[in-house]
Amino acid sequence: MSTAETTDYYTVGDPIADGMTPSGPIEDRWDARKFDAKLVNPANRRKLSVIIVGTGLAGASAAATLGEAGYQVTSFCYQDSPRRAHSIAAQGGINAAKNYRNDGDSVYRLFYDTVKGGDYRSREANVYRLAQVSVDIIDQCVAQGIPFAREYGGLLDNRSFGGVQVSRTFYARGQTGQQLLLGAYQALQRQVAEGTVTVHARHEMLDVIVVDGKARGVVVRDMVTGAIETHFADAVVLASGGYGNAYYLSTNAMGCNVTATWRAHRRGALFANPCFTQIHPTCIPVSGDYQSKLTLMSESLRNDGRIWVPKKGGDDRDPRDIPTEDRDYYLERIYPSYGNLVPRDVASRAAKNICDDGRGVGPGGLGVYLDLADAVERLGRPAIEDRYGNLFDMYQQITDENPWEVPMRIYPAVHYTMGGLWVDYDLHSTIPGLFVIGEANYSDHGANRLGASALMQGLADGYFVLPGTINEYLAAGPFEDIDESHPAAQEAANAVHQRIDTLLSINGNRTVDSFHKELGSILWDHCGMERTKDGLAKALQMVRELKVEFWRDVKVSGENEELNQALERAGRVADFFELAELMCIDAWHRDESCGCHFRAESQTTDGEALRDDDDFAYVAAWEFTGADAPPVLHKENLTYDFIELKQRSYT
Ligand SMILES: Cc1cc2nc3c(=O)[nH]c(=O)nc-3n(C[C@H](O)[C@H](O)[C@H](O)COP(=O)(O)OP(=O)(O)OC[C@H]3O[C@@H](n4cnc5c(N)ncnc54)[C@H](O)[C@@H]3O)c2cc1C
């Protein structure tokens, strides 16, 4: 047992186990679960209701599918339209084990790559199911008319993403998320027209209503009028996305936040692996102090792009004048078999090491080149334009540099969160009746997500997995009728009112954004690409002090009864503060390196992440015990019956 067990930061509770995964051969488990799960007959589905928070790929696909099945669905999002959910930003593609390229791919290989890519910190049965379902997703999307890229022969085209040696990524130029979301949105709107789904846009969920231990509704704020409303259903599904914006600067849409899952956590849902944050290697570098958003250059560019820096530090020649012999294609040098397509955590750390070594390029030396010149020469500009044209345009618009003439400059940035609410094989959280899908759950990606697998997981959860498991729970319904007069509903609504009143009454001197920015830089410095025990302890202290200052000195102008973006942001940042503490505690307690979680104290002689499987082969699921009280750690032990635990190698 590690020394981290005795600490003031947290206490250790009973282990937690996923009781829903069937036993038997791994390839039969999902079929077995679907067969064993109770069914609800179509006539009874009309009497059962489900609230779904979120209209990204996970939420929209779930709402459309459950609506089509005949349940009464109420859907919420904070954007002005479901089709503006953050999923629309996804660029590069979506994985599926179709083996169209006949390059040795299979369901088993996708399963293997994902478990290995996640550095052996995910649940085997879930990942296998994800790989199985991946092939159905593509069929579903093609049937919806998603314009995936095609090859000359007519088959859907594929490209490669990091951490794999086959081509299994389906794409629609650099706009895959947008096309997939339009497909899910049209399926959702069809159900709106059929009367099975009601959508409430511009409504922010601020609490879960738990009645007799079951999730029975939500408290939402109408973001236009400020009205606080309660909504009820037989089950609640959170599809509210990830929390990368805790770091302030990230590639996520500006609105992404943790409030929905954090509020559920405060009501009893365990939060798993909060410190597992993916830092993406190919983002446009930070350009100044006033920046509030970072932009991703899709990983797909690493298919054809080569990453390099000058061999000598301080070489400030125009990159076009630096001859090949003076360039260090460091990923190809260090990882010859995967080259530029090593997984994201490995590529990000390598870029950081090169820059720390004084060989970075661009302002402040925080950048490396991503160069497509060789590919343009080999394949011709039209072929590269076909694959990545919109990404080149975007780069030029943001940096005012022409990537057709000079190589792009990139640097790692916060991108995705593998952590999230803990769920069992049925995607059921620890609050009965509360299901969590998409990036909002702690997901199937372990300690590092491979590229193009978030879209796969979101759509797997929404189109296929949740519709196959939620019946089990709903079959016991409809549950007792409740309305806003129920004490639990009143208590939740009052708590929301009270928090808003407090935020509006502080009337301090600092803007919400200035707090958020400072919080983000603490997290980036100490709970980012590299972490140390001392640094995390220091960060925890700093976060706590800043949180106290926030509640004393934040300025939120305006009123509740109007469109008030400062108020919206204040509530989200307040939740980021509490989450940030848990992220630091989780990172502090995990005395090993794995995937994205690189603890400087735990590395191989080559500087790679060194896991400690004896002590840490578990999911850390945290229980909330109070805003200033130590959380309780529940461990779900991970066993590997099909894939052998090994030190990851991409050399
Ligand atoms: C720039 C970028 C590019 C990416 N490219 C790829 C890619 O090529 N391939 C890939 O696999 N992955 C990619 N990803 C990751 C992927 O896009 C996301 O992980 C995925 O889209 C998340 O989908 P989701 O449905 O879980 O959540 P989201 O799309 O984030 O949707 C969240 C929904 O929840 C709603 N919501 C949240 N909180 C509340 C609340 N409190 N009240 C009401 N509504 C709420 C929002 O309104 C929204 O509708 C990319 C990510 C980024 C940032």
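Reader: How much accessible surface does the chain have, and what share belongs to carbon and sulfur atoms?
Author: About 24100 Å² in this predicted model. Carbon and sulfur atoms account for 47% of that surface.

Reader: And how many of the residues count as buried?
Author: 62% of the 651 residues.

Reader: What is the radius of gyration, and what would a compact globule have?
Author: The chain has 24 Å. A compact globule with 651 residues would have a value near 26 Å, so the two agree.

Reader: What does the C-alpha trace span along its principal axes?
Author: About 75 × 60 × 50 Å.

Reader: What share of the contacts joins residues 24 or more positions apart?
Author: 75%, counting contacts in the chain with a separation of 6 or more.

Reader: Switching to secondary structure. How many helices and strands?
Author: The chain has 18 helices and 20 strands.

Reader: Take the open sheet of five strands. What is the order?
Author: S12-S16-S15-S13-S14, with antiparallel pairing.

Reader: Which strands are at the edges?
Author: S12, residues 277-283, and S14, residues 327-328. Each pairs on one side only.

Reader: What about S15? How many bridges join S13 to S15?
Author: Three. S13 covers residues 306-310 and S15 covers residues 368-371, and they run antiparallel. Ile307 has Leu370 as its bridge partner. Arg306 has Asp371.

Reader: And how many bridges between S15 and S16?
Author: Three again, also in the antiparallel sense. S16 spans residues 408-417. Across that pairing, Tyr369 stands opposite Arg409.

Reader: Which way do the S15 residues point, and are they buried or exposed?
Author: Val368 and Leu370 point one way, Tyr369 and Asp371 the other. All of them are buried. In a regular strand, side chains alternate between the two faces of the sheet.

Reader: Is Cys77 buried or exposed?
Author: Buried. Its relative accessibility is 5%, so it falls under the 20% cut-off.

Reader: Where is the nearest cysteine sulfur to Cys355?
Author: On Cys283, 13 Å away. Cys355 is in no disulfide either.

Reader: Is Cys355 buried or exposed?
Author: Buried, with a relative accessible area of 9%.

Definitions and conventions. Residues numbered from 1 in each chain as written. Predicted model: local features only at pLDDT ≥ 70, side-chain atom pairs only at ≥ 80, totals over all residues. Heavy atoms only, no water. Buried < 20%, exposed > 50% of the residue type's maximum accessible area, 1.4 Å probe, protein only. Disulfide = S-S within 2.5 Å. Pairing = 2+ DSSP bridges. Helix = DSSP H or I, 4+ residues; strand = E, 2+ residues; numbered from the N terminus. Rg over C-alpha atoms; globule rule 2.2 N^0.38 Å. Contact = heavy atoms within 4.5 Å. Areas by Shrake-Rupley, 256 points an atom, 1.4 Å probe, with all protein chains shown as cover.
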